[in-house]
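Please keep the sequence and the model in view while reading.

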Amino acid sequence: MNALVYIKTPQCIELTKNDVYLKDFLTVYTSDDALKQDILNLPFYTFKSRQNNQIIVSILKIIELITKNFPGTSIINLGEGDFILEYAPAPKKEKLKEWIFTILICLVAFFGGGYAIMSYNTDIGAKELFSNLSLMITGNAKSGIIYLIVTYSIGLTAGMILFFNHLGSKKLSADPTPLEIQMRLYEKDIGTTIIKDVSRRGESIDINQS
């Protein structure tokens, strides 16, 4: 057999079953459809513990497994050199936990954000600023404060919606939000750190291991 096989895997893959096959995390392309299915159905690893666990895998181990079962194949890797397989079995009462976490996060975001805004307004002297603006515009330091506060609140809300590119569950544009960008960068940094730490301890699955 002399076939060219392209493989690709992301940096981190979350799995919910303990028996892992190549099809669970590997993307394969080859002109031979039968060979592709045979490769994807190869068993790779079994998580012995039923609890959350993760392993670091070298792509060389995948190449070794494929060439061992299908001699003569040429493998070209288009993905990560090392990647994480994370076993996270679906917990019981998952929906209830999601609702509890969502409510807690909403409460923290609401009261925390409100406190931060009030602290900021106090630091910059927003009350005195509104009084001075009211005096300049209406000639009375108090008569126009309520209108300034309302317009300031509307502007602050509109600015937050535009900045985070979200209105409830709706996105205002297809561009990723600043929060989404930071979360992707954070996930990438976490994955890189885990891979390097485990590799330094010599605990990753590589071609030197059976």
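Predicted model: local features only at pLDDT ≥ 70, side-chain atom pairs only at ≥ 80, totals over all residues.

In which helix do R184 and E187 both lie, and how many residues apart are they? Both lie in helix α6 (residues 178-200), three residues apart, which is about one turn of the helix.

**Salt bridges**

- The count of salt bridges comes to three.
- In helix α6, the side chains of R184 and E187 meet in one of them, at 3.2 Å from N to O.
- R184 counts as partly exposed because its relative accessibility is 47%, and E187 counts as partly exposed because its own value is 42%.
- A second bridge joins the side chains of E64 and K61, again with 3.2 Å from N to O.
- E64 and K61 both belong to helix α2 (residues 59-69), where three residues, about one turn of the helix, separate them.
- E64 is partly exposed, as its relative accessible area is 31%, whereas K61 counts as buried because its relative accessibility is 11%.
- D24 forms a salt bridge with K17, and the closest N and O atoms are 3.5 Å apart.
- D24 is partly exposed, with a relative accessible area of 22%; K17, at 41% relative accessibility, also counts as partly exposed.

**Aromatic rings**

- The structure holds seven aromatic pairs.
- Y6 and Y29 form a tilted pair, with 6.3 Å centre to centre and 40 degrees between the planes.
- This pair links distant parts of the chain, since Y6 is in strand β1 (residues 4-8) and Y29 is in strand β4 (residues 27-29), 23 residues apart.
- Y6 is partly exposed because its relative accessible area is 29%, while Y29 is exposed because its relative accessible area is 54%.
- F25 and F83 form another tilted pair, with 5.5 Å between the centres and 35 degrees between the planes.
- Here too, distant parts of the chain are linked: F25 is in the loop between β3 and β4, and F83 is in strand β8 (residues 82-87), 58 residues apart.
- Both F25 and F83 are buried, and together with F44 they form one aromatic cluster.
- The ring of Y21 has the charged end of K23 sitting over it, 5.7 Å from the ring centre.

- A nonpolar patch on the surface is formed by L96, W99, I100, F101, I103, L104, I105, L107, F110 and F111, with about 1100 Å² of accessible area together.
- W99, one of the patch residues, is found in helix α3 (residues 94-124).
- W99 is exposed because its relative accessible area is 61%.
- C106 also lies in helix α3 and is partly exposed, with a relative accessible area of 48%.
- The C-alpha atoms of C106 and T16 are separated by 28 Å, and these residues are 90 apart along the chain.

**A buried loop residue**

- N18 is found in the loop between β2 (12-15) and β3 (19-21).
- N18 is buried because its relative accessible area is 13%, which is under the 20% limit for that class.
- Leaving aside residues up to four places away in sequence, N18 touches Y45, T46, F47, R50 and Y87.

Note on methods
Residues numbered from 1 in each chain as written. Heavy atoms only, no water. Patch = residues over 30% accessible without salt bridge, like charges linked within 9 Å, V, L, I, M, F, W, Y side chains within 5 Å. Areas by Shrake-Rupley, 256 points an atom, 1.4 Å probe, with all protein chains shown as cover. Salt bridge = Lys/Arg side-chain N within 4 Å of Asp/Glu carboxyl O. Helix = DSSP H or I, 4+ residues; strand = E, 2+ residues; numbered from the N terminus. Buried < 20%, exposed > 50% of the residue type's maximum accessible area, 1.4 Å probe, protein only. Contact = heavy atoms within 4.5 Å. Phe/Tyr/Trp six-rings, centres within 6.5 Å; stacked < 30°, edge-to-face > 60°. Lys NZ or Arg CZ within 6 Å of the ring centre and 35° of its normal.
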